[in-house]
Amino acid sequence: MSCATSERVIILGAAGRDFHDFNVYWKNCAGHRVVCFTAAQIPEIAGRVYPAQLAGPNYPNGIPIYLEERLEALIAEYGATQVALAYSDLPHLQVMHLASRVQAAGASFVILGADRTMLSSRLPVIAVCAVRTGCGKSQTSRRISALLRERGCRVAVVRHPMPYGDLTRQICQRFAVRGDLDRADCTIEEREEYEPHLELGNLVFAGVDYEQILRRAEEEADVILWDGGNNDLPFYRPTLHIVVADPHRAGHETSYYPGESNLRMAGLVLINKVDTAEMLEVERLEETVRRVNPQARILRADSPIEVDGGEAIHGKRVLVVEDGPTLTHGEMAYGAGRIAATKLGAAEIVDPRPFAVGSIREVFQRFSQLTDVLPAMGYGAAQMAELQATIRAVPCDLVLVATPIDLGALLRIDKPVLRARYELREHDPEVLTSSLLAALGSG
């Protein structure tokens with residue numbers, strides 16, 4: 001049987017990596033035509049169309065997006081010959097289940113190599129990635145940006161995409177002040193990643209077209225800081241590839257896609273949260289890193305948690321609101337908030353499940369490991385309203401918010417609100433500093 005001269009491609013995605021892979025590879029790939037995207041992980045992505053303005057002249061009607069659960073029917077309907085996986089933080093077993101579904105339906109299963117999707121910059125690129133969602137990329141990126149700024153570098157933070165709104169308005173986004181987030185109608189998920197960088201004085205870029213984003217960021221910076229999402233690979237070819245690992249989930253570093261790829265590609269592996277993990281798990285994780293990637297430098301770090309006014313927690317009934325993706329994509333049962341509430345002597349951490357409404361109730365049904373913490377879900381105005389209603393319904397004395405943003409400024413919460421903040425504290429600061437200097441050509 002001869003090879004097909006015209007491949008019909010379905011891209012499995014979640015409104016991020018899928019659009020990037022299309023833009024830099026599939027869009028102009030001779031002999032291939034993308035017939036549709038599928039959507040998973042993120043609510044309300046299916047039913048949209050990747051617009052013709054972004055898809056290009058070969059796709060005058062844009063490209064439709066369907067639910068992934070329709071995969072077999074879509075392969076048949078469109079006569080698809082290839083199905084390309086393009087989203088992140090999947091167990092290896094789930095990846096092969098997808099591959100089996102595709103093969104059984106008569107198509108080939110494809111995963112693009114990193115070199116086919118990474119763009120090159122004329123500036124040094126520091127990439128911060130992870131083996132799982134919720135390992136601590138955000139505080140790592142903030143720490144790195146501070147070190148770079150101390151050395152007089154202009155830092156452009158380029159954030160992994162979260163294009164959940166009107167894609168034609170999000171082609172290339174630049175954020176310099178908090179008002180820019182309001183004007184862009186940013187969701188909670190976007191604000192959690194952008195706002196802390198803005199507070200530090202960093203420029204933040206994001207959107208859909210990462211070639212255009214990179215060239216614009218290069219105009220205003222001396223170094224590009226890639227702030228990755230989930231456990232995805234960097235979109236830009238890194239000068240220094242830093243990968244964060246979590247000893248609370250030792251073993252996951254080699255059992256999730258594409259986290260294991262990140263681990264094997266890393267120049268520096270940062271083992272975070274050592275201060276709250278079991279030392280046996282820290283050592284187990286470090287042993288795996290040395291076995292899988294013996295060339296990588298290893299740096300241990302703590303993730304200290306601070307709560308302003310934390311003494312008020314003692315003896316109180318506390319509702320803990322945690323970072324949403326850490327609990328959902330990352331499959332954690334708790335985060336920094338519950339650790340802090342327990343340490344500060346909360347009389348009770350109130351179970352929010354009986355009071356959850358709408359899509360928040362559905363999140364609890366889907367992620368059964370969640371029992372006594374509330375994920376800060378907010379992928380759109382409707383879900384933000386449901387999160388607000390859930391918080392207001394929980395009988396508690398105060399709310400402890402352990403997300404990177406001031407949730408109380410976005411939602412109307414009728415109870416006292418405290419914020420848990422977490423940063424990065426390396427055990428050997430020289431390792432990170434020397435690695436950055438080498439990447440900048442100063443080491």
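**Exercise 1.** In which sense do strand E8 and strand E13 pair, and over how many bridges?

*Solution.* Start with the ranges: E8 covers residues 125-130 and E13 covers residues 240-245. Strands here are DSSP runs of E with at least two residues, and helices are runs of H or I with at least four, numbered from the N terminus. Two strands pair if DSSP finds at least two bridges between them. E8 and E13 pair in the parallel sense over five bridges. Next, look across from Ala-127: it stands opposite His-241 in E13.

A word on the model: it is predicted, so local features need pLDDT of at least 70 and side-chain atom pairs pLDDT 80 or more, while totals for chains, interfaces and linings use all residues. Residues are numbered from 1 along each chain as its sequence is written, and side-chain values use heavy atoms, leaving out hydrogens and water.

**Exercise 2.** Find the order of the strands in the open sheet of nine strands.

*Solution.* Read across: E10-E11-E9-E12-E8-E13-E15-E16-E23, with mixed pairing. Then check the ends: E10 (172-175) and E23 (425-426) are the edge strands, each pairing on one side only.

**Exercise 3.** Is Gly-380 buried or exposed?

*Solution.* First locate Gly-380, in the loop between strand E20 (374-375) and helix H15 (381-393). Then apply the cut-offs: buried is under 20% relative accessible area, exposed over 50%, partly exposed in between (1.4 Å probe, protein chains only). Gly-380 has 19%, so it is buried.
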